Amino acid sequence: MNSTPLTWRETMAWGLLGVVLFLGLWSGLTTSGLVPRQFLPPPQEVASRFIQLLTSPFAGATLPQHLGSSFMRYAYGVLLAAAIGVPLGLLMGWFRLLDDIVTPIFDGLRFIAPIAWVPFAALWFGTGIGGPVMIIFAGAFPPCLINAYRGARFVEPRLIEAARMLGTGHARMILEILLPAAVPSIVAGLRVSAGLGWQSLVGAELIVAAAGVGFMMVQAQGSVQTATVMTGMVAIGIVGMIIDVLLRQGEAWLRRRRGLEA
Amino acid sequence: MIGRRGWIGLGTVAALIALWFLLTTVTGIVSGARFPSPAEFWLSLRQIWGRGYAGGQLMSHALHSLKLVAMGFAVAIATGIPLGLWMGWNRKAEAAINPVFLVIRPIPPLAWIPLAILWLGLGDSAKIMVIWFSAFVPSVINTFAGVRNIDRPMIEAARMLGTPRWRMVREVIAPAASPLIFTGLRLSLQASWTTLVAAELVGALVGVGFVLNMAQQDLYPGMILVGMVTVGLLGWATTALLGMVERRALSWNMAARD
(Lines give C-alpha, C1' and ligand atoms only; values in the text may rest on other atoms or scores of the structure.)
Protein backbone atom coordinates (compact mmCIF):
# COMPACT_ATOMS: atom_id res chain seq x y z
CA MET A 1 0.00 0.00 0.00
CA ASN A 2 1.13 3.54 -0.67
CA SER A 3 1.01 4.17 3.00
CA THR A 4 2.46 7.64 3.37
CA PRO A 5 -0.45 10.07 3.30
CA LEU A 6 -0.19 12.66 0.56
CA THR A 7 0.56 16.22 1.51
CA TRP A 8 -2.23 18.77 1.30
CA ARG A 9 -0.77 20.11 -1.93
CA GLU A 10 -0.56 16.68 -3.55
CA THR A 11 -4.14 15.92 -2.54
CA MET A 12 -5.35 19.15 -4.10
CA ALA A 13 -3.34 18.55 -7.28
CA TRP A 14 -4.68 15.03 -7.78
CA GLY A 15 -8.19 16.14 -6.89
CA LEU A 16 -8.03 18.96 -9.39
CA LEU A 17 -6.76 16.50 -12.00
CA GLY A 18 -9.72 14.22 -11.33
CA VAL A 19 -12.30 16.98 -11.64
CA VAL A 20 -10.64 18.46 -14.74
CA LEU A 21 -10.51 15.04 -16.38
CA PHE A 22 -14.17 14.46 -15.57
CA LEU A 23 -15.35 17.82 -16.86
CA GLY A 24 -12.97 17.67 -19.83
CA LEU A 25 -14.26 14.28 -20.88
CA TRP A 26 -17.85 15.43 -20.50
CA SER A 27 -17.43 18.65 -22.46
CA GLY A 28 -15.08 17.05 -25.00
CA LEU A 29 -17.55 14.30 -25.80
CA THR A 30 -20.44 16.70 -26.18
CA THR A 31 -18.93 19.72 -27.95
CA SER A 32 -17.10 17.53 -30.48
CA GLY A 33 -20.46 16.14 -31.53
CA LEU A 34 -19.53 12.55 -30.67
CA VAL A 35 -22.48 12.48 -28.31
CA PRO A 36 -25.58 14.35 -29.49
CA ARG A 37 -26.56 17.40 -27.45
CA GLN A 38 -30.04 16.05 -26.93
CA PHE A 39 -28.50 13.00 -25.31
CA LEU A 40 -25.97 14.72 -23.10
CA PRO A 41 -25.68 18.51 -23.14
CA PRO A 42 -22.25 19.99 -22.38
CA PRO A 43 -21.64 21.22 -18.81
CA GLN A 44 -21.84 24.89 -19.76
CA GLU A 45 -25.30 24.35 -21.24
CA VAL A 46 -26.52 22.76 -18.00
CA ALA A 47 -25.03 25.68 -16.07
CA SER A 48 -26.75 28.29 -18.23
CA ARG A 49 -30.04 26.39 -18.08
CA PHE A 50 -29.71 26.31 -14.30
CA ILE A 51 -29.28 30.09 -14.15
CA GLN A 52 -32.14 30.60 -16.60
CA LEU A 53 -34.51 28.43 -14.55
CA LEU A 54 -33.83 30.49 -11.44
CA THR A 55 -36.08 33.19 -12.90
CA SER A 56 -38.04 31.75 -15.82
CA PRO A 57 -40.69 29.12 -15.09
CA PHE A 58 -40.81 25.55 -16.39
CA ALA A 59 -43.72 23.19 -15.72
CA GLY A 60 -45.62 25.95 -13.99
CA ALA A 61 -42.96 27.35 -11.68
CA THR A 62 -39.38 28.55 -11.44
CA LEU A 63 -36.71 26.30 -9.98
CA PRO A 64 -36.72 28.00 -6.55
CA GLN A 65 -40.52 27.66 -6.41
CA HIS A 66 -40.32 23.96 -7.29
CA LEU A 67 -37.63 23.51 -4.66
CA GLY A 68 -39.77 25.35 -2.14
CA SER A 69 -42.78 23.11 -2.62
CA SER A 70 -40.55 20.02 -2.54
CA PHE A 71 -38.92 21.16 0.65
CA MET A 72 -42.21 21.82 2.40
CA ARG A 73 -43.39 18.25 1.79
CA TYR A 74 -40.01 16.99 2.80
CA ALA A 75 -40.06 18.90 6.08
CA TYR A 76 -43.55 17.63 6.92
CA GLY A 77 -42.59 14.02 6.20
CA VAL A 78 -39.34 14.03 8.15
CA LEU A 79 -40.78 15.91 11.12
CA LEU A 80 -43.70 13.50 11.28
CA ALA A 81 -41.29 10.55 11.16
CA ALA A 82 -39.22 12.02 14.00
CA ALA A 83 -42.30 12.95 16.05
CA ILE A 84 -43.61 9.38 15.92
CA GLY A 85 -40.44 7.33 15.53
CA VAL A 86 -38.36 8.78 18.37
CA PRO A 87 -40.99 8.52 21.16
CA LEU A 88 -42.05 5.08 19.98
CA GLY A 89 -38.41 3.93 19.92
CA LEU A 90 -37.85 5.18 23.47
CA LEU A 91 -41.02 3.51 24.73
CA MET A 92 -39.97 0.26 23.06
CA GLY A 93 -36.60 0.58 24.73
CA TRP A 94 -38.27 0.79 28.13
CA PHE A 95 -41.37 -1.43 27.93
CA ARG A 96 -40.34 -4.94 26.96
CA LEU A 97 -43.88 -5.97 26.01
CA LEU A 98 -44.23 -3.10 23.53
CA ASP A 99 -40.88 -4.10 22.03
CA ASP A 100 -42.04 -7.69 21.58
CA ILE A 101 -45.26 -6.53 19.92
CA VAL A 102 -43.90 -3.86 17.57
CA THR A 103 -40.68 -5.57 16.47
CA PRO A 104 -42.29 -8.39 14.42
CA ILE A 105 -44.55 -5.89 12.61
CA PHE A 106 -41.63 -3.62 11.96
CA ASP A 107 -39.45 -6.48 10.73
CA GLY A 108 -42.17 -7.56 8.36
CA LEU A 109 -42.57 -4.10 6.87
CA ARG A 110 -38.85 -3.41 6.71
CA PHE A 111 -38.32 -5.27 3.46
CA ILE A 112 -40.93 -3.31 1.57
CA ALA A 113 -39.12 -0.49 -0.20
CA PRO A 114 -40.62 2.87 0.94
CA ILE A 115 -41.35 3.72 -2.66
CA ALA A 116 -43.68 0.72 -2.93
CA TRP A 117 -46.12 2.63 -0.69
CA VAL A 118 -46.77 5.03 -3.56
CA PRO A 119 -50.05 3.44 -4.77
CA PHE A 120 -51.61 3.31 -1.31
CA ALA A 121 -50.29 6.76 -0.50
CA ALA A 122 -51.97 8.13 -3.61
CA LEU A 123 -55.16 6.22 -2.87
CA TRP A 124 -55.37 7.32 0.75
CA PHE A 125 -53.99 10.85 0.74
CA GLY A 126 -54.07 12.00 -2.87
CA THR A 127 -51.20 13.30 -4.95
CA GLY A 128 -51.07 16.85 -3.59
CA ILE A 129 -49.30 17.00 -0.25
CA GLY A 130 -50.54 14.00 1.72
CA GLY A 131 -49.36 11.25 -0.65
CA PRO A 132 -45.76 12.44 -1.04
CA VAL A 133 -45.56 13.21 2.70
CA MET A 134 -46.54 9.63 3.48
CA ILE A 135 -43.82 8.23 1.22
CA ILE A 136 -41.19 10.52 2.76
CA PHE A 137 -42.45 9.35 6.14
CA ALA A 138 -42.08 5.71 5.07
CA GLY A 139 -38.46 6.38 4.08
CA ALA A 140 -37.49 8.46 7.11
CA PHE A 141 -39.31 6.54 9.87
CA PRO A 142 -37.16 3.37 10.34
CA PRO A 143 -33.86 5.07 11.30
CA CYS A 144 -35.69 7.36 13.78
CA LEU A 145 -37.28 4.38 15.47
CA ILE A 146 -34.26 2.07 15.40
CA ASN A 147 -31.79 4.62 16.71
CA ALA A 148 -34.02 5.87 19.52
CA TYR A 149 -34.64 2.24 20.48
CA ARG A 150 -30.95 1.31 20.45
CA GLY A 151 -30.03 4.45 22.33
CA ALA A 152 -32.57 3.61 25.04
CA ARG A 153 -31.63 -0.07 25.21
CA PHE A 154 -27.94 0.54 25.69
CA VAL A 155 -28.16 3.04 28.52
CA GLU A 156 -25.73 2.15 31.25
CA PRO A 157 -27.63 -0.25 33.56
CA ARG A 158 -26.16 1.40 36.64
CA LEU A 159 -27.96 4.64 35.81
CA ILE A 160 -31.25 2.82 35.51
CA GLU A 161 -30.70 0.90 38.72
CA ALA A 162 -29.77 4.01 40.62
CA ALA A 163 -32.86 5.82 39.35
CA ARG A 164 -35.04 2.83 40.14
CA MET A 165 -33.70 2.62 43.67
CA LEU A 166 -34.74 6.23 44.15
CA GLY A 167 -38.24 5.25 43.11
CA THR A 168 -38.33 6.98 39.72
CA GLY A 169 -41.57 6.41 37.79
CA HIS A 170 -41.91 5.29 34.18
CA ALA A 171 -42.44 8.76 32.71
CA ARG A 172 -39.52 10.38 34.48
CA MET A 173 -37.33 7.37 33.75
CA ILE A 174 -37.93 7.75 30.01
CA LEU A 175 -37.72 11.54 29.90
CA GLU A 176 -34.86 12.10 32.33
CA ILE A 177 -32.71 8.98 32.02
CA LEU A 178 -33.29 7.26 28.67
CA LEU A 179 -33.86 10.33 26.50
CA PRO A 180 -30.72 12.27 27.47
CA ALA A 181 -28.57 9.14 27.23
CA ALA A 182 -30.01 8.28 23.81
CA VAL A 183 -29.53 11.73 22.27
CA PRO A 184 -26.31 10.96 20.33
CA SER A 185 -27.86 7.87 18.82
CA ILE A 186 -31.11 9.70 18.05
CA VAL A 187 -29.30 12.53 16.33
CA ALA A 188 -27.29 10.09 14.21
CA GLY A 189 -30.58 8.42 13.27
CA LEU A 190 -32.13 11.75 12.33
CA ARG A 191 -29.26 12.42 9.97
CA VAL A 192 -29.79 9.09 8.21
CA SER A 193 -33.53 9.78 8.15
CA ALA A 194 -33.01 13.16 6.58
CA GLY A 195 -30.98 11.59 3.78
CA LEU A 196 -33.42 8.76 3.14
CA GLY A 197 -36.35 11.17 3.30
CA TRP A 198 -34.81 13.38 0.65
CA GLN A 199 -34.26 10.33 -1.53
CA SER A 200 -37.87 9.20 -1.05
CA LEU A 201 -39.10 12.68 -1.87
CA VAL A 202 -37.42 12.53 -5.26
CA GLY A 203 -39.01 9.16 -5.94
CA ALA A 204 -42.43 10.31 -4.81
CA GLU A 205 -42.32 13.39 -6.98
CA LEU A 206 -41.27 11.44 -10.03
CA ILE A 207 -44.35 9.29 -9.71
CA VAL A 208 -47.09 11.28 -8.00
CA ALA A 209 -46.94 15.05 -7.74
CA ALA A 210 -48.12 18.12 -9.57
CA ALA A 211 -45.28 20.37 -8.46
CA GLY A 212 -41.75 20.08 -7.10
CA VAL A 213 -38.33 19.36 -8.57
CA GLY A 214 -39.11 15.72 -9.32
CA PHE A 215 -42.22 16.77 -11.21
CA MET A 216 -40.19 19.31 -13.16
CA MET A 217 -37.74 16.58 -14.15
CA VAL A 218 -40.47 14.21 -15.34
CA GLN A 219 -42.01 16.99 -17.42
CA ALA A 220 -38.61 17.81 -18.91
CA GLN A 221 -38.02 14.14 -19.66
CA GLY A 222 -41.37 14.02 -21.47
CA SER A 223 -40.35 16.87 -23.74
CA VAL A 224 -36.75 15.63 -24.15
CA GLN A 225 -35.10 18.62 -22.47
CA THR A 226 -32.02 16.89 -21.16
CA ALA A 227 -30.44 20.10 -19.83
CA THR A 228 -33.52 20.74 -17.67
CA VAL A 229 -33.47 17.17 -16.34
CA MET A 230 -29.83 17.60 -15.38
CA THR A 231 -30.54 20.99 -13.81
CA GLY A 232 -33.05 19.22 -11.57
CA MET A 233 -30.42 16.63 -10.63
CA VAL A 234 -27.92 19.35 -9.75
CA ALA A 235 -30.50 21.24 -7.66
CA ILE A 236 -31.48 18.07 -5.81
CA GLY A 237 -27.83 17.29 -5.16
CA ILE A 238 -27.09 20.77 -3.85
CA VAL A 239 -30.07 20.85 -1.48
CA GLY A 240 -29.30 17.32 -0.28
CA MET A 241 -25.73 18.33 0.42
CA ILE A 242 -26.80 21.47 2.33
CA ILE A 243 -29.15 19.41 4.49
CA ASP A 244 -26.39 16.93 5.25
CA VAL A 245 -23.81 19.59 6.08
CA LEU A 246 -26.22 21.43 8.39
CA LEU A 247 -27.11 18.25 10.25
CA ARG A 248 -23.46 17.27 10.60
CA GLN A 249 -22.73 20.70 12.06
CA GLY A 250 -25.64 20.33 14.44
CA GLU A 251 -24.38 16.93 15.50
CA ALA A 252 -20.86 18.24 16.10
CA TRP A 253 -22.24 21.20 18.03
CA LEU A 254 -24.28 18.92 20.22
CA ARG A 255 -21.33 16.67 20.86
CA ARG A 256 -19.16 19.60 21.87
CA ARG A 257 -21.82 20.93 24.20
CA ARG A 258 -22.31 17.58 25.86
CA GLY A 259 -18.57 17.14 26.10
CA LEU A 260 -18.35 20.42 27.99
CA GLU A 261 -21.23 19.55 30.25
CA ALA A 262 -19.85 16.18 31.27
CA MET B 1 -38.29 -23.96 20.85
CA ILE B 2 -40.29 -20.78 20.74
CA GLY B 3 -39.39 -18.33 23.48
CA ARG B 4 -41.50 -15.63 25.12
CA ARG B 5 -40.64 -13.22 22.33
CA GLY B 6 -41.70 -15.70 19.69
CA TRP B 7 -45.08 -16.31 21.30
CA ILE B 8 -45.81 -12.63 21.63
CA GLY B 9 -44.72 -12.14 18.02
CA LEU B 10 -47.03 -14.90 16.83
CA GLY B 11 -49.83 -13.46 18.93
CA THR B 12 -49.27 -10.02 17.41
CA VAL B 13 -49.43 -11.36 13.88
CA ALA B 14 -52.60 -13.33 14.68
CA ALA B 15 -54.15 -10.27 16.31
CA LEU B 16 -53.31 -8.13 13.28
CA ILE B 17 -54.92 -10.62 10.91
CA ALA B 18 -58.00 -10.75 13.14
CA LEU B 19 -58.11 -6.95 13.24
CA TRP B 20 -57.76 -6.81 9.45
CA PHE B 21 -60.67 -9.21 9.09
CA LEU B 22 -62.72 -7.33 11.67
CA LEU B 23 -62.20 -3.87 10.19
CA THR B 24 -62.76 -4.78 6.56
CA THR B 25 -65.16 -7.71 6.50
CA VAL B 26 -67.12 -7.91 9.74
CA THR B 27 -67.73 -4.26 10.53
CA GLY B 28 -66.82 -2.61 7.24
CA ILE B 29 -65.23 0.37 9.00
CA VAL B 30 -62.46 0.37 6.38
CA SER B 31 -64.06 0.30 2.95
CA GLY B 32 -62.77 -1.99 0.21
CA ALA B 33 -61.94 1.07 -1.89
CA ARG B 34 -59.25 2.03 0.63
CA PHE B 35 -57.80 -1.24 1.78
CA PRO B 36 -58.68 -4.75 0.58
CA SER B 37 -60.34 -7.33 2.79
CA PRO B 38 -58.60 -10.70 3.20
CA ALA B 39 -61.02 -12.20 0.66
CA GLU B 40 -60.27 -9.49 -1.89
CA PHE B 41 -56.57 -9.96 -1.35
CA TRP B 42 -56.94 -13.68 -1.94
CA LEU B 43 -58.98 -13.13 -5.12
CA SER B 44 -56.41 -10.67 -6.49
CA LEU B 45 -53.63 -13.11 -5.70
CA ARG B 46 -55.46 -15.91 -7.49
CA GLN B 47 -56.14 -13.68 -10.47
CA ILE B 48 -52.52 -12.62 -10.99
CA TRP B 49 -51.21 -16.07 -10.16
CA GLY B 50 -53.38 -17.84 -12.72
CA ARG B 51 -54.88 -15.59 -15.39
CA GLY B 52 -52.31 -12.87 -14.92
CA TYR B 53 -52.54 -9.09 -14.56
CA ALA B 54 -50.74 -6.19 -16.26
CA GLY B 55 -49.63 -8.45 -19.08
CA GLY B 56 -48.32 -11.44 -17.18
CA GLN B 57 -48.57 -13.84 -14.28
CA LEU B 58 -47.14 -12.99 -10.89
CA MET B 59 -44.16 -15.29 -11.31
CA SER B 60 -43.12 -13.75 -14.62
CA HIS B 61 -43.35 -10.21 -13.21
CA ALA B 62 -41.40 -11.21 -10.11
CA LEU B 63 -38.74 -13.09 -12.04
CA HIS B 64 -38.28 -10.18 -14.41
CA SER B 65 -37.72 -7.77 -11.53
CA LEU B 66 -35.42 -10.25 -9.83
CA LYS B 67 -33.38 -10.60 -13.01
CA LEU B 68 -32.93 -6.84 -13.34
CA VAL B 69 -31.86 -6.46 -9.71
CA ALA B 70 -29.44 -9.36 -10.04
CA MET B 71 -27.88 -7.87 -13.16
CA GLY B 72 -27.61 -4.31 -11.85
CA PHE B 73 -26.29 -5.56 -8.52
CA ALA B 74 -23.72 -7.81 -10.22
CA VAL B 75 -22.43 -4.97 -12.41
CA ALA B 76 -22.25 -2.70 -9.35
CA ILE B 77 -20.22 -5.26 -7.38
CA ALA B 78 -17.94 -5.99 -10.29
CA THR B 79 -17.10 -2.31 -10.70
CA GLY B 80 -17.54 -1.00 -7.14
CA ILE B 81 -15.38 -3.44 -5.17
CA PRO B 82 -12.31 -3.14 -7.43
CA LEU B 83 -12.60 0.65 -7.44
CA GLY B 84 -12.91 0.70 -3.66
CA LEU B 85 -9.89 -1.60 -3.29
CA TRP B 86 -7.89 0.58 -5.65
CA MET B 87 -8.83 3.80 -3.85
CA GLY B 88 -7.99 2.21 -0.53
CA TRP B 89 -4.67 0.98 -1.82
CA ASN B 90 -3.52 3.95 -3.82
CA ARG B 91 -3.64 7.37 -2.17
CA LYS B 92 -3.27 9.15 -5.50
CA ALA B 93 -6.26 7.34 -6.95
CA GLU B 94 -8.22 8.28 -3.84
CA ALA B 95 -7.23 11.95 -4.13
CA ALA B 96 -8.21 12.06 -7.79
CA ILE B 97 -11.50 10.18 -7.57
CA ASN B 98 -12.84 11.50 -4.27
CA PRO B 99 -13.78 15.00 -5.50
CA VAL B 100 -15.72 13.57 -8.44
CA PHE B 101 -17.49 11.33 -5.97
CA LEU B 102 -18.25 14.25 -3.71
CA VAL B 103 -19.98 15.99 -6.61
CA ILE B 104 -22.01 13.00 -7.80
CA ARG B 105 -22.85 11.36 -4.49
CA PRO B 106 -25.39 13.89 -3.16
CA ILE B 107 -27.60 13.20 -6.19
CA PRO B 108 -29.94 10.43 -5.03
CA PRO B 109 -29.97 7.40 -7.35
CA LEU B 110 -33.68 7.90 -7.99
CA ALA B 111 -32.93 11.29 -9.53
CA TRP B 112 -31.10 9.47 -12.33
CA ILE B 113 -34.28 7.77 -13.47
CA PRO B 114 -35.52 10.50 -15.85
CA LEU B 115 -32.07 10.80 -17.41
CA ALA B 116 -31.78 7.03 -17.76
CA ILE B 117 -35.15 6.93 -19.52
CA LEU B 118 -34.05 9.71 -21.88
CA TRP B 119 -30.87 7.82 -22.65
CA LEU B 120 -32.05 4.24 -22.82
CA GLY B 121 -35.85 4.30 -23.00
CA LEU B 122 -38.34 2.33 -20.96
CA GLY B 123 -36.69 -1.07 -21.41
CA ASP B 124 -34.43 -3.14 -19.21
CA SER B 125 -31.16 -1.32 -19.87
CA ALA B 126 -32.34 1.95 -18.27
CA LYS B 127 -33.29 0.04 -15.13
CA ILE B 128 -30.00 -1.81 -14.96
CA MET B 129 -28.21 1.50 -15.31
CA VAL B 130 -30.00 3.16 -12.38
CA ILE B 131 -29.66 0.06 -10.22
CA TRP B 132 -25.99 0.03 -10.99
CA PHE B 133 -25.71 3.70 -9.97
CA SER B 134 -27.56 3.18 -6.72
CA ALA B 135 -25.70 0.01 -5.72
CA PHE B 136 -22.29 1.23 -6.86
CA VAL B 137 -21.75 3.97 -4.28
CA PRO B 138 -22.27 1.89 -1.09
CA SER B 139 -19.99 -0.86 -2.39
CA VAL B 140 -17.20 1.56 -3.25
CA ILE B 141 -17.38 3.48 0.02
CA ASN B 142 -17.49 0.45 2.28
CA THR B 143 -14.78 -1.41 0.40
CA PHE B 144 -12.62 1.68 0.65
CA ALA B 145 -13.28 2.01 4.38
CA GLY B 146 -12.60 -1.72 4.79
CA VAL B 147 -9.16 -1.42 3.21
CA ARG B 148 -8.29 1.65 5.24
CA ASN B 149 -9.24 -0.06 8.50
CA ILE B 150 -6.87 -2.98 8.05
CA ASP B 151 -4.26 -3.30 10.79
CA ARG B 152 -1.01 -1.89 9.54
CA PRO B 153 1.19 -4.64 11.05
CA MET B 154 -0.61 -7.25 8.97
CA ILE B 155 0.22 -5.48 5.74
CA GLU B 156 3.76 -4.80 6.82
CA ALA B 157 4.28 -8.42 7.80
CA ALA B 158 3.04 -9.57 4.42
CA ARG B 159 5.21 -7.04 2.68
CA MET B 160 8.27 -8.10 4.69
CA LEU B 161 7.73 -11.63 3.48
CA GLY B 162 7.97 -10.28 -0.04
CA THR B 163 4.37 -10.94 -1.04
CA PRO B 164 3.85 -9.87 -4.63
CA ARG B 165 1.30 -7.13 -5.25
CA TRP B 166 -1.46 -9.27 -6.77
CA ARG B 167 -1.28 -11.89 -4.03
CA MET B 168 -1.29 -9.10 -1.50
CA VAL B 169 -4.60 -7.78 -2.82
CA ARG B 170 -6.15 -11.22 -3.14
CA GLU B 171 -4.92 -12.87 0.02
CA VAL B 172 -4.39 -10.04 2.50
CA ILE B 173 -6.31 -6.91 1.58
CA ALA B 174 -9.56 -8.31 0.18
CA PRO B 175 -10.15 -10.88 2.97
CA ALA B 176 -9.30 -8.41 5.73
CA ALA B 177 -11.67 -5.86 4.24
CA SER B 178 -14.45 -8.35 3.60
CA PRO B 179 -16.61 -7.71 6.71
CA LEU B 180 -17.06 -4.09 5.68
CA ILE B 181 -17.39 -5.08 2.03
CA PHE B 182 -20.38 -7.21 2.98
CA THR B 183 -21.88 -4.34 4.95
CA GLY B 184 -21.65 -2.34 1.74
CA LEU B 185 -23.23 -5.13 -0.27
CA ARG B 186 -26.22 -5.29 2.05
CA LEU B 187 -26.78 -1.56 1.64
CA SER B 188 -26.29 -1.95 -2.10
CA LEU B 189 -28.91 -4.67 -2.30
CA GLN B 190 -31.45 -2.59 -0.43
CA ALA B 191 -30.76 0.38 -2.67
CA SER B 192 -31.13 -1.87 -5.73
CA TRP B 193 -34.68 -2.87 -4.79
CA THR B 194 -35.77 0.65 -3.93
CA THR B 195 -34.41 1.93 -7.21
CA LEU B 196 -35.91 -0.86 -9.28
CA VAL B 197 -39.38 -0.41 -7.80
CA ALA B 198 -39.18 3.34 -8.36
CA ALA B 199 -37.94 2.92 -11.92
CA GLU B 200 -40.70 0.45 -12.71
CA LEU B 201 -43.30 2.76 -11.20
CA VAL B 202 -42.08 5.64 -13.36
CA GLY B 203 -42.12 3.66 -16.57
CA ALA B 204 -42.08 -0.03 -17.45
CA LEU B 205 -43.99 -2.68 -19.33
CA VAL B 206 -43.40 -5.60 -16.99
CA GLY B 207 -42.23 -6.18 -13.41
CA VAL B 208 -43.52 -5.83 -9.85
CA GLY B 209 -43.36 -2.03 -9.95
CA PHE B 210 -45.43 -2.09 -13.13
CA VAL B 211 -48.05 -4.25 -11.40
CA LEU B 212 -48.20 -1.64 -8.63
CA ASN B 213 -48.49 1.12 -11.18
CA MET B 214 -51.35 -0.56 -13.06
CA ALA B 215 -53.15 -1.43 -9.84
CA GLN B 216 -52.89 2.20 -8.77
CA GLN B 217 -54.38 3.40 -12.04
CA ASP B 218 -57.13 0.79 -11.91
CA LEU B 219 -57.91 1.75 -8.29
CA TYR B 220 -57.49 -1.89 -7.37
CA PRO B 221 -56.45 -2.09 -3.67
CA GLY B 222 -56.32 -5.89 -3.63
CA MET B 223 -53.73 -5.96 -6.38
CA ILE B 224 -51.74 -3.10 -4.78
CA LEU B 225 -51.41 -5.22 -1.65
CA VAL B 226 -50.35 -8.26 -3.69
CA GLY B 227 -47.68 -6.11 -5.36
CA MET B 228 -46.39 -4.79 -2.04
CA VAL B 229 -46.25 -8.22 -0.45
CA THR B 230 -44.31 -9.46 -3.49
CA VAL B 231 -41.83 -6.59 -3.21
CA GLY B 232 -41.36 -7.40 0.49
CA LEU B 233 -40.89 -11.12 -0.12
CA LEU B 234 -38.37 -10.56 -2.90
CA GLY B 235 -36.42 -8.12 -0.74
CA TRP B 236 -36.46 -10.53 2.17
CA ALA B 237 -35.40 -13.55 0.08
CA THR B 238 -32.48 -11.79 -1.60
CA THR B 239 -31.29 -10.35 1.72
CA ALA B 240 -31.42 -13.81 3.28
CA LEU B 241 -29.45 -15.22 0.35
CA LEU B 242 -26.78 -12.56 0.74
CA GLY B 243 -26.65 -13.31 4.46
CA MET B 244 -25.97 -16.98 3.69
CA VAL B 245 -23.16 -16.07 1.29
CA GLU B 246 -21.75 -13.73 3.93
CA ARG B 247 -21.76 -16.39 6.64
CA ARG B 248 -19.94 -18.76 4.31
CA ALA B 249 -17.39 -16.23 3.14
CA LEU B 250 -16.70 -14.90 6.60
CA SER B 251 -16.78 -18.20 8.48
CA TRP B 252 -13.09 -17.82 9.34
CA ASN B 253 -13.79 -14.44 10.85
CA MET B 254 -16.85 -15.55 12.82
CA ALA B 255 -14.93 -18.48 14.24
CA ALA B 256 -12.16 -16.15 15.30
CA ARG B 257 -14.67 -13.95 17.09
CA ASP B 258 -16.20 -16.74 19.12
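Select chain B and follow it from the N terminus: its elements run α-α-α-α-α-α-α-α-α-α-α. That makes 11 helices and zero strands, where helices (H or I, at least four residues) and strands (E, at least two) are DSSP runs numbered from the N terminus. The radius of gyration of chain B is 23 Å, well over the 18 Å that the globule rule gives for 258 residues, so chain B is more spread out than a compact globule. The radius is taken over C-alpha atoms, and the globule rule is 2.2 Å times the number of residues to the power 0.38.

This is a predicted model, in which local features need pLDDT of at least 70 and side-chain atom pairs count only at pLDDT 80 or more, while totals for chains, interfaces and linings use all residues. Residues are numbered from 1 along each chain as its sequence is written, and chains are lettered from A and ligands numbered from 1 in the order in which they are written.

**Chain B as a whole**

Along its principal axes, the C-alpha trace spans about 75 × 55 × 30 Å. Of the 258 residues in chain B, 41% are buried. A residue is buried if 20 or more other C-beta atoms lie within 10 Å of its own, exposed if 12 or fewer, and partly exposed in between, with C-beta atoms placed from the backbone. Among contacts in chain B between residues at least 6 apart in sequence, 72% join residues at least 24 apart. Two residues are in contact if their C-beta atoms, placed from the backbone, lie within 7 Å.

**Chain A**

Now select chain A. Its elements, from the N terminus on, run α-α-α-α-α-α-α-α-α-α, with 10 helices and zero strands. Chain A has a radius of gyration of 23 Å, whereas a compact globule of 262 residues would have one near 18 Å. Its C-alpha atoms fill a box of roughly 75 × 60 × 35 Å along the principal axes. In chain A, 38% of the 262 residues count as buried. Residues 24 or more positions apart account for 75% of its contacts with a separation of 6 or more.

Colour residues 1-35 of chain A as domain 1 and residues 41-261 as domain 2. These bounds come from an automatic or database domain assignment. The centres of the two domains, taken over C-alpha atoms, are 33 Å apart.

**Where the chains meet**

Show both chains. In contact across the interface are 47 residues of chain B and 47 residues of chain A. On the chain B side, the elements that give two or more residues are helix H1 (4-26), helix H4 (91-104), helix H5 (113-120), helix H8 (165-202), helix H9 (208-217) and helix H10 (221-249). By class, this side has 34 nonpolar, nine polar and four charged residues. Here Ala, Val, Leu, Ile, Met, Phe, Trp, Tyr, Cys and Pro count as nonpolar, Asp, Glu, Lys and Arg as charged, and the others, Gly among them, as polar.

**Helix H10 of chain B**

Select H10(B). Its 29 residues should span 42 Å at 1.5 Å a residue, and its end C-alpha atoms are 42 Å apart, which agrees. The expected span is 1.5 Å times one less than the number of residues. Its buried residues include Pro221(B), Met223(B), Leu225(B), Val231(B) and Gly235(B). The buried residues of H10(B) pack against helix H5 (118-125) of chain A, and also against helix H2 (38-50), helix H3 (58-89), H8 and H9 of chain B.

**The nonpolar core**

Which residues touch the most other members of the largest nonpolar core? Select Ala116(A), Val118(A), Ile113(B) and Val197(B), out of its 132 residues. Such a core is a set of buried Ala, Val, Leu, Ile, Met, Phe, Trp, Tyr and Cys residues joined through C-beta atoms within 7 Å. H8(B) supplies the largest share of this core, 15 residues. Centre the view on Val197(B): leaving out residues up to four places away in sequence, Val197(B) touches Ala113(A), Ile115(A), Ala116(A), Val208(B), Gly209(B) and Val231(B).

Most residues other than glycine have a negative phi. Select Val224(A), not a glycine, with a positive phi of about 50°. Val224(A) sits in the loop between helix H9 (213-222) and helix H10 (226-261) of chain A. Is this residue buried or exposed? With 11 C-beta neighbours inside 10 Å, Val224(A) counts as exposed.

Next, select Leu219(B), where phi is positive, near 50°. Leu219(B) lies in the loop between H9 and H10 of chain B. Leu219(B) is exposed, with 12 other C-beta atoms within 10 Å.

Finish at Leu22(B), in helix H1 of chain B. Leu22(B) counts as partly exposed, with 13 C-beta neighbours inside 10 Å.
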